[in-house]
Each structure stands twice: as structure tokens, then as C-alpha cells.
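Visitor: Hi! Could you walk me through this one while I look at it?
Guide: Happy to, just ask as you go.

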Amino acid sequence: MSTSFTKSTARNIFYGGAVFFFLLFVALTFDTVQALPKRDNRANLTEQVARGKNLWEVNNCIGCHTLLGEGAYFAPELGNVYQRRGPEFIKAWIKAQPTGAPGRRQMPNFHLSDAQIDDLVAFLKYSSQINTNNWPPNIEG
Amino acid sequence: MTSLASAAGRQTTPSAANVQLKYRSQAVAKPYFTAAIGLFVGQIIFGLVMGLQYVIGDFLFPAIPFNVARMVHTNLLIVWLLFGFMGAGYYLIPEESERELHSPKLAIATFWVFLVAGALTIVGYLAVPYATLAQMTGNDLLPTMGREFLEQPTITKIGIVLVALSFLFNLSMTVLKGRKTSISMVMMLGLWGLAIFFLFSFYNPHNLVLDKYFWWWVVHLWVEGVWELIMGAMLAFVLVKVTGVDREVIEKWLYVIIAMTLITGIIGTGHHYFWIGTPAYWQVWGSAFSALEPIPFFMMTLFAFNMVNKRRREHPNKAAVLWALGTGVMSFLGAGVWGFLHTLAPVNYLTHGTQITASHGHMAFYGAYAMVVMTMISYAMPLMRGREANSNRAQVVEMWSFWLMTIAMVFITLFLTAAGILQVWMQRMGDTPLSFMATQDKLAFFYWLREGAGVVFFIGLLLYIISFFVGKDEAR
């Protein structure tokens, strides 16, 4: 690099750039948080959904599945499973695990009560109604 | 060769009278680096288990379900990199500041606290069901568990914060009382940023969109933000030492690189805000800025090669130079090229949450962070063991391990990329899309190849460890 471009110039670009773009990011974040009520389905965020989210977390579902495309890639996307399979199938499926089919990927049985499974399904229903800009591309997730 | 031979002759020098270390307290880095390598081995073993579960679904079920293996794999990665960063901090900050570490005793105590807390967490993952662990550790009081990479019990997270504070206090006191260089300022800024952004891991609202939005303030602002400052500072430190190039030149490069990192990377967070409920304008912001994120990584490559080409000394530690060049190239390929591959919103619409993401994650973490930690270990460990560089024989073994691991990682990435492209094609692009599981069955061939490459990686890692035990050169 040329000698007219000094280390202190580079340092100033660094500090100036970092501060400017972080503040811009904070401004965009503020705007996003303002816009979210129209998109994030918070009208349907009930107590039951909150309990379902907690069950989703303490059973580490994200360790195999994706939710809105984030998580592990070992098992199907669940952001739209409510539309793909419907509530009754999901409940029956969770209860029937593990399948024990030799050589097939296995989902543990988490020993959830019927009420807990209802909570989990409520959470998946709420998640499926978030405005994701039409992602995933099709029902298969 | 003479310097190599004389270095080898000093191998038995006790560390108490270590002539290679400018400041005795730098030696506290040694247990950190040792632990990092040990945890790295654990990470790869669990990686191999998961790789096998991809094709033999019931392998080790129900003893180690996939989600547990993955949690151990990713958490061990994070923890061993943190051990590496901390070791690097303890090693380079005293040397840059030209004084002893503020408190070596605190550094050693912190080491044991972190190691025991980390080990207990991993044992908890493996010994009891995750829901039981959540209950035992009082997750209900402050629920933070069960989110990707942030699976640690809340008490472990609090422990991480305390360890980080102790570490940062120790280093900050050292810097404040000593010489302040650009390298030490950037390193400290990166480490403080790491600790501050980790605090967002305690924010877990019921609202899934807000949860995901601020989850990325930990994950993205770490790996595509402040961690790059740490990486840049570590690389710059080693390049100053092994090339003898004027510090002013190296530090100017460092500032330009990290300036580009934050200018592109902060708004680049937007590439995670395409499909999680956030406004559509993020598709423009995220695509535009993250498309520029390869620039600082490419500059990292140019930086490493330029400095080595302009070297004013022949450092006997050739292995450390190889790691420094390697991390420059592989971080650009893994983070830069493989990141760009799927970062534009119209592409990401199809690739989001597929094996394409996994392929990028593997090469980026290895190329940028695993390799820069190994660069630092390769440079500093011989010095802490009382010699300027390892024997020629030991370096040859270490270089073999470099090539085996690096080439294996290239193949892991290529096989996962192939799997990802096919997954997108079969599951998301056709007129009659297959289900997730039907698609996975068709990808088995590529998963087997990936597992094979993983075994080669593991062999490379074992060779890396063996290189620490290869003795001095035989007399000619």
C-alpha cells in the first residue's frame, strides 16, 4: 500500500466505519421492531404458545429440525409442518416415536403429556402463520 | 538448518528458565492451548458419529441421539476456539504490552473454572435427557436453553460471562499499564465485543421472530464480526514475528482488513433476516452488504502472502508460516466464496436451511477460526516449550497433518455442496418435489463420501497431536 495512505488513516476508517455502520444497523433494527407487529403473528402468541415454545426449547428440537430454515438439517423443516401434516398427524407422530425401523433416523420419545403435546402444536401453528416472505418455496419445506 | 539444530538442542530447557519467552507469564497460555486441542479431538469424534447417523439413522440410538451428538459437536467447537482465543490473548498481550501479565494466578484459576464448567456441561448433555438437564439447572428461572449453539444451561452461560470478565480484566489491566499497540487494541476490541454480544444469549422472548432476530446478534456478530478482529490480530501478531516485516505495514493492513470486515459484516447480518418474519427490505440490505463480505477475507489472503513474500528473516518455524498462509486462503474459500455462494436473497430462497449451509459452515469455521488458532499454537507452543521452533522432523509431521486436515475439509465441503445442490433440486425445484426424508435417502452416497473425508480429517488431527511428541532431529 502506498506511503501516503498511513496507518492512522486506516485506523480512522476502521473506527469511523464501525461506528457508522453499527448505528445504521441499530436504526434498521429500530425500524424492524416497529414493523414486526404486522408480520410476526403476535396476536396469536398466547400463554399456550409460550408454553409450547418452552417445550420446543427444553427438548432441543432444533438439534435435529429446522424452524424457519434455522437449526439442524437432519430432520424435516417444522415451520410449515402444521400445514403439511395437520395437528392430528403431528400429535400421533410425536406419540409414536421412536419408530425403531432398522437403519432409519430415529426421533426420541420425549414422554410428553397430551396437554404438553397440545402446547407444542399450538406453538407450531403460531410459527406457521409468521410472514416469512413466502418461504419455504413449497410445502415440503 | 543451524538454527533448527540449535533450537532442537535446547529442547530440555526447563520452562522456569525459558529463554524463548520474553515474559514468563506468557506461559499461562500453554494449558489453554492443550485443552483446546483435547476438546478439538472430542469435537471431531462426535462429528464422525453424526456423519454416520446421517446414513445409518439408528447408530448409537437411543444412547446418543443425533441432537445430543450435534450439540456436543458444535459446543465443543465453540469452547475449544474460546480456549484458543484466550490462550492467544494471554500469550500475545504481555508481549505486545511489554510487561508481565497482570495476574498469572488468576489466569490459571480461570482456566480450571472454564475447563471444569465446560466438562460438566458436556457430561450433562451426554448423561441425562436435555429436558432433565434444563430442569436440574433451573432453566425455568431464566429460560435461555434449547436454541442452536446456545444450548448451554443458563448457569453455564453465567459462568462463561464470569470467565470472560476475569480474562478481560486480566488482559485489560496488562494493556493499560503497558505499551499500547494496534495489534493489542484490535485484539482487546474483538475480545470485549465477544463478551458483550454474548449477553444477547440471555434475551429469549416468547416471540419467535424477536428471539431469532437477536439470536443472530450473538451468532453473526461473533463469527462475521468481532471474531474476525480477533483472527486479524492473531494473524498479524504471528506475521510480525515470523516475517520480520515492519510493524507499521502489518498494522496498516490489519486496520484496513477489519475496517472492511465491520463495514460489510454488520449490515451483512441482514442475510439472516430474509425468511424469519423480518421485513422484506432486509433482502436488499442483506444481499448487498453480505455480497461484499468476501472482500476482507480476500484481503486476509493477500495480507498473509504479501507479508511472507516480503519477509526480512527466515524464521525456523516453517509450520507456523504454513498455517498462517493456510488460514488466509481457507478463510477466504470457506467464509468468502462459500458464503457468497448462497448469500443473495433469490439464491438463498432455495438454499436456506439445506446442506449448502452445512458445507459453508464447515469450511468457514475450519478455515478462519480453527486454522488461526492452530497458527497461534504452532508459533507459540514451541517457544513455551523452550525452543524457537520444533525439530525438522516434528515440523514435517505437523505439515502432513496440515495438508491432511485441510484437503479433507475441502472434500467434506465439496461432498456437502453436492448433496446440497441435489437436495435443493429434488426437494424445492421440481414440479413434483420429494419429501425431506425421501430426498435424504437419495443423498446417502454423498454422505458416505463425506464420512470418508471425515475419517481422513481425524487421521490428520491424530498426526497433529503426534507432532507434539516427535523428538529432535538425528545427528547427521
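Visitor: To start, what percentage of the residues of chain A count as buried?
Guide: Of its 141 residues, 41% count as buried. A residue is buried if 20 or more other C-beta atoms lie within 10 Å of its own, exposed if 12 or fewer, and partly exposed in between, with C-beta atoms placed from the backbone. Keep in mind that this is a predicted model, where local features need pLDDT of at least 70, side-chain atom pairs count only at pLDDT 80 or more, and totals for chains, interfaces and linings use all residues. Residues are numbered from 1 along each chain as its sequence is written, and chains are lettered from A and ligands numbered from 1 in the order in which they are written.

Visitor: Got it. How many helices and strands does chain A have?
Guide: Chain A has five helices and two strands. From the N terminus on, the order is α-α-β-β-α-α-α. Helices here are DSSP runs of H or I with at least four residues, strands are runs of E with at least two, and both are numbered from the N terminus.

Visitor: And is chain A a compact globule or more spread out?
Guide: More spread out: its radius of gyration is 22 Å, well over the 14 Å that the globule rule gives for 141 residues. That radius is taken over C-alpha atoms, and the rule is 2.2 Å times the number of residues to the power 0.38. Along the principal axes, the C-alpha trace of chain A spans about 70 × 40 × 30 Å.

Visitor: Which domains is chain A divided into?
Guide: There is domain 1 (7-36) and domain 2 (41-128), with bounds that come from an automatic or database domain assignment. The centres of domain 1 and domain 2 of chain A, taken over C-alpha atoms, are separated by 37 Å.

Visitor: What does UniProt place at residues 47-128 of chain A?
Guide: An unreviewed UniProt entry puts the feature "domain: Cytochrome c" there. UniProt positions are given in the numbering used here, feature names are shortened, and annotations may be inferred rather than shown by experiment. In the model, residues 47-128 of chain A are 51% helix and 5% strand, and the end C-alpha atoms of the span lie 17 Å apart.

Visitor: Switching to the interface: how many residues of chain A are in contact with chain B?
Guide: 59 residues of chain A are in contact with 61 residues of chain B. A contact means that the C-beta atoms of two residues, placed from the backbone, lie within 7 Å.

Visitor: Which element of chain A gives the most to that side?
Guide: α1(A) does, with 14 residues. The elements giving two or more residues to the side of chain A that touches chain B are α1 (7-35), α2 (47-58) and β2 (70-71) of chain A. By class, that side has 30 nonpolar, 17 polar and 12 charged residues. Ala, Val, Leu, Ile, Met, Phe, Trp, Tyr, Cys and Pro count as nonpolar, Asp, Glu, Lys and Arg as charged, and the others, Gly among them, as polar.

Visitor: What do the buried residues of α5(A) pack against?
Guide: They pack against α2, β1, α3 (81-85) and α4 of chain A, together with α8 (208-243) of chain B. Among the buried residues of α5(A) are A:F123, A:L124 and A:Y126.

Visitor: Is A:N60 buried or exposed?
Guide: A:N60 is buried, with 29 other C-beta atoms within 10 Å. A:N133 also has a positive phi, near 55 degrees, but A:N133 counts as partly exposed, with 17 C-beta neighbours inside 10 Å.

Visitor: Last one, on chain B: how many residues of α3(B) are buried?
Guide: 31 of its 32 residues are buried. After α3(B) comes B:E98, whose phi is positive, near 55 degrees.
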